[in-house]
Amino acid sequence: MKKRGLCVILSAVLAAASMTGCSAKAAAPAADLNAMGVDEILAEAKKEGRVDSVGMPDTWANWIGTWQDIKSDYGLEHTDTDMSSAEEISLFESEKKNATKDIGDVGQAFGPIAEEKGITLKYKTSYWDSIPDWAKDGDGDWIIGYYGTMTMMTNKKLVAEAPKSFEDLLNGDYKVAVGDVTAANQAQFAVLAAAIAMGGDEGNIQPGLDYFRQIAEQGRLDLGEFSMARIEKGEVGVAFLWDYNALGYRDQFVENNPDADFEINIPSEGSIQSGYCTILNAYSQRPHAAAMAREFILSDKGQINLAKGYAKPVRDVELPAEIKEKMLPDEQYENSRMVNDQAAWDKTTKEIGTLWQENVVAYAK
């Protein structure tokens, strides 16, 4: 399972930004990509010959299809090292001019952090005008490529009646896995989804904490490693996952075992949506190859590739019928929304790990 999230508490990242941001911003950019045409960038990218990423593994949002097409279309070789969002930013900053990686994919809140720390390379892509304003910064330091919605993935071999709401989940008798809220972006959004469903919001997650405290007090909160292997083996009844992860994992589980039976539902009371954005390493030794990777990701073909991995494309592209048919029904998304108050959520993420430990884990049986 992809390592996603803070991995170091967000406050530490922000503190580091305040101490190192000025020196990082003083570094000269590797290339003025926004002043170049796509053909010109591609010619330079082919000379560079490869693009190495972090946090963009094959099993997440069909990145495997993206990298295969980038190789066939542009001739670029590729490797990925799986990392959390915070680890990606830390790597770019620590390696600086000795950079080994060219592009990363980080949670929506981390794009501005990477920009503030001066480790991003600006590139808008030729699709700039069709990218929503909320999904990009002004110069192309970060661009959201896709987004997901928080779901509950149920193992029907363990749970006869899959929960369709938070209320259903609370009344069950099976183990519930959220993940490491102190470290993982996906897990933190699961808490936010519960908070919204229970009347809270980005600045008030107490209703979500109270909700999961009840699960903990029932002895049903799974505190083991949050991994695809454990979900597949049947060690938890319900796991909170982004929709594209849940749907993709279900495919893999059924491929491995035709008798596997997993059902995926978006909590009917409400849920949260969030995106992931590419950041190009300001210190990259292959800046043009990194730019072409982003160019492809935002293209129609790249957006459809992500949709094949069940991610929602950020651009309004026409999806093939066979892809639409495999998605969750549109009506399940009716009560889901994006983050309304990013500043409040950024503040909350500085404290959420401690609050989770004090308000939820401390009551686990």
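Here is a short chat about reading the overall build and the ring pairs of a predicted model.

Colleague: Where do I start, and how many helices and strands does the protein have?

Modeller: Start with the overall build, and keep in mind that this is a predicted model. The protein has 14 helices and 11 strands.

Colleague: What does the radius of gyration tell me here?

Modeller: You hold it against what a compact globule of 365 residues would have, near 21 Å. The protein comes in at 20 Å, which agrees. Along the principal axes, its C-alpha trace spans about 60 × 45 × 30 Å.

Colleague: And what share of the residues counts as buried?

Modeller: Of the 365 residues, 59% do. As for contacts with a separation of 6 or more, 79% come from residues 24 or more positions apart.

Colleague: How many aromatic pairs are there?

Modeller: The structure holds 17. To read one, check the distance between ring centres and the angle between planes; under 30 degrees counts as stacked. Tyr 146 and Tyr 276 are stacked, with 5.8 Å centre to centre and 15° between the planes. Tyr 146 sits in strand β4 and Tyr 276 in strand β9, 130 residues apart.

Colleague: Are those two tyrosines buried or exposed?

Modeller: Buried: Tyr 146 has a relative accessible area of 1%, and Tyr 276 has 0%.

Colleague: Which pair is tilted?

Modeller: Phe 189 and Trp 345 make one, because their planes are at 50°, with centres 5.2 Å apart. Phe 189 lies in helix α7 and Trp 345 in helix α14, so the pair ties together parts 156 residues apart in sequence.

Key
Residues are numbered from 1 along each chain as its sequence is written. This is a predicted model: local features need pLDDT of at least 70, side-chain atom pairs count only at pLDDT 80 or more; totals for chains, interfaces and linings use all residues. Side-chain values use heavy atoms; hydrogens and water are left out. Helices (H or I, at least four residues) and strands (E, at least two) are DSSP runs, numbered from the N terminus. The radius of gyration is taken over C-alpha atoms; the globule rule is 2.2 Å times the number of residues to the power 0.38. Buried means under 20% relative accessible area, exposed over 50%, partly exposed in between (1.4 Å probe, protein chains only). Contact means heavy atoms within 4.5 Å. Rings of Phe, Tyr and Trp (its six-membered ring) pair if their centres lie within 6.5 Å; planes under 30 degrees apart count as stacked, over 60 as edge-to-face and the rest as tilted.
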